[in-house]
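Have the coordinates open while you read.

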There are 2 protein chains.
Amino acid sequence: MPDAAKSASLAERLVAGDKRALARAITLIESDDPAGWELVREVYPRTGKARIVGFTGPPGVGKSTLIGALTAELRKAERQVAVLSIDPSSPFTRGALLGDRIRLSEHFLDPGVFIRSMASRGALGGLSEAALQVALAMDAAGKDDVLIETVGVGQAEIDIVDHADTIVLALMPGSGDSIQALKAGVMEIPDVIVVNKADHPMTDTMVCEVRGVLALSHQPGEWQVPILRTEAARGEGVEELAVKIDEHRVHIEAEGTLEQRRARNLRNEVLGIATSRTRRRMEATAAADPETAALLERVVRRELDPASAASELMERQSGE
Amino acid sequence: MPDAAKSASLAERLVAGDKRALARAITLIESDDPAGWELVREVYPRTGKARIVGFTGPPGVGKSTLIGALTAELRKAERQVAVLSIDPSSPFTRGALLGDRIRLSEHFLDPGVFIRSMASRGALGGLSEAALQVALAMDAAGKDDVLIETVGVGQAEIDIVDHADTIVLALMPGSGDSIQALKAGVMEIPDVIVVNKADHPMTDTMVCEVRGVLALSHQPGEWQVPILRTEAARGEGVEELAVKIDEHRVHIEAEGTLEQRRARNLRNEVLGIATSRTRRRMEATAAADPETAALLERVVRRELDPASAASELMERQSGE
């Protein structure tokens, strides 16, 4: 089995912290290569040590800049850092978003920092599953911090951030929709809130609004969500962000909620992988099997309702 | 079979346009009662006539008010209207959001208007599937227009709106995050854009920004997405909205894309129902079966990786 032999040695190099092995591992995972899944299977017992921090927030608030500045801060403490950026893959804006990521490029030559982007569309289904496999690989490679950045739009991105130990929501003056979503209770309350681009004249208003929303949902004895002001492009406020992430970590460890969160997230991850594989298998059946195609055609002609067709599809699937 | 007999007569009353039969049907669908699925199965051949219009946009832009005003406009033309509101179900904000829906209440006594809300969380999984079953019931009941409102946050809501024939995005001055999301290509371009609360001084800036985003993505010969200004609370601009929804309908019928959209959406609906049922079945197994619980426990103890556990779970499921 040449594949198994190759991935065994890749696993050894990965666990030893070899940067190229990690890059190779991610490529395998991203392309849904069985060797990628096999690799994660091998190194999984070595995971669970890294601190996983998820960053979310609307496009344009400067999450990449913030993560770049935070990375510089974490490097001062000689921590090994991995950054996973979940990129929207719309062709006509890709350039603009990568330009926004320039701030991360100052770390490209630092061997203690590993940076990788993943496209959020066009991936072979199950993006959040793939992203979490990548996070596991980074963890196994001995990174102290795994920073995951998402655009904060769509369920896939939310699922990814949900798997973090600490969730940071980045806003900026003008993030009206996000405040409304927090107010309406349709966006979960994060662990740390950062108002970036804090030299904007509307920052005080923004902080005040956010504080009002948090006051509504805060329970006595619970973690008090801090609202930080940063000017990430100049590194301002980023030291405090690092401190608050530490404090949150200490809090959830003391409380025992870190273990609970991780257990719940891992269970969801298992169900998520199984669900997305089942969906892909059904899509493949629908595309290849003439009887399934005929079944779907009957739905389009309004002869058979979608739910009955779904039942038939499930029977066909389990009968295979 | 008393259940089948009951649902048969319910189906007859539904197709005859009985308002209480429709209300009952929706309750059955919402509570995941098999009689609800059975009912949709029976009336499905009578669907496909209604015009399905989806409304999305951040919380607070006044979608309910806009839909209320549009309903008044459609009633002038004596069209039968059904409104399905997908509500976030956060307990501490429910009141506020319902208050926002006051504008719809003027239609409560009009027999030509049917209004119903569904909670977006706490539903028994598969919200988007349930919502679409409800839309089918409204269609079968002879409604000319089915207006679906979602908060536009989260994949479930996006899935629902994707099933509409025409998608209206409502914004207001200050919807900075939504504009950024459109710019970044992480939010799909809708069919009609409405800038509500248009007496705000920043409206011109907003319209200009939206126009800039649309110019980037517009292809010659394609539908030109109109940007309308409304002041829904006073009914201003709503007549034009009704006209543009009509024009979009005519356009996609002439182009043949209405049939294509519907065929694609129905196929996705079948796969969506099958996927969410599979997921629920697996969750039930995980909760009830001690061996599955033990499997998940091994993942939490880092003995077995999530993907391998997912494979075992899928085998267990199909072996049942």
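1. A cut-off before anything else: buried means under 20% relative accessible area, exposed means over 50%, and partly exposed is whatever falls in between. Keep in mind too that this is a predicted model.

2. Start with K76(A) and E73(A), whose side chains form a salt bridge at 3.3 Å, N to O. Both sit in helix α4 (residues 63-76) of chain A, 3 residues apart, or about one turn of the helix. K76(A) has a relative accessible area of 62%, so it is exposed. E73(A), on the other hand, is at 16% and therefore buried.

3. Next, D145(A) and R79(A), with a salt bridge at 2.5 Å, N to O. D145(A) belongs to strand β4 (residues 145-149) of chain A and R79(A) to the loop between α4 and β2 (81-87) of chain A, so this pair ties together parts 66 residues apart in sequence. D145(A) is buried at 0% relative accessibility, while R79(A) is partly exposed at 25%.

4. Over in chain B, E209(B) and K183(B) make a salt bridge at 3.7 Å, N to O. It links distant parts of the chain, with E209(B) in helix α10 and K183(B) in helix α9, 26 residues apart. Both ends are partly exposed: E209(B) at 32% and K183(B) at 35%.

5. For the overall tally, the count over all chains is 50 salt bridges. There is also a network of them linking R267(A), E297(B), R298(B), R301(B) and E303(B).

6. A polar atom of the D139(B) side chain is 3.4 Å from the backbone nitrogen of K49(B). Beyond its neighbours within four places in sequence, D139(B) has contacts that include R46(B), T47(B), G48(B) and V146(B).

7. Finally, strand β6 (residues 192-195) of chain B. V192(B) and V194(B) point one way, I193(B) and V195(B) the other, and all are buried. In a regular strand, side chains alternate between the two faces of the sheet. β6(B) pairs in the parallel sense with strand β5 (residues 166-171) of chain B over 4 bridges, and V195(B) is the bridge partner of L171(B). The chain gets from β5(B) to β6(B) through helix α9 (residues 176-183) in a right-handed β-α-β crossover.

8. β6(B) also pairs in the parallel sense with strand β7 (residues 227-229) of chain B, over 3 bridges, with V194(B) opposite L228(B). The crossover from β6(B) to β7(B) runs through helix α10 (residues 203-217) and is right-handed.

Terms used. Residues numbered from 1 in each chain as written. Chains lettered and ligands numbered in written order. Predicted model: local features only at pLDDT ≥ 70, side-chain atom pairs only at ≥ 80, totals over all residues. Heavy atoms only, no water. Polar contact = N/O pair within 3.5 Å; in protein donor to acceptor, adjacent residues only side chain to side chain. Contact = heavy atoms within 4.5 Å. Buried < 20%, exposed > 50% of the residue type's maximum accessible area, 1.4 Å probe, protein only. Helix = DSSP H or I, 4+ residues; strand = E, 2+ residues; numbered from the N terminus. Pairing = 2+ DSSP bridges. Right-handed = clockwise from strand over helix to strand, strands pointing away. Salt bridge = Lys/Arg side-chain N within 4 Å of Asp/Glu carboxyl O.
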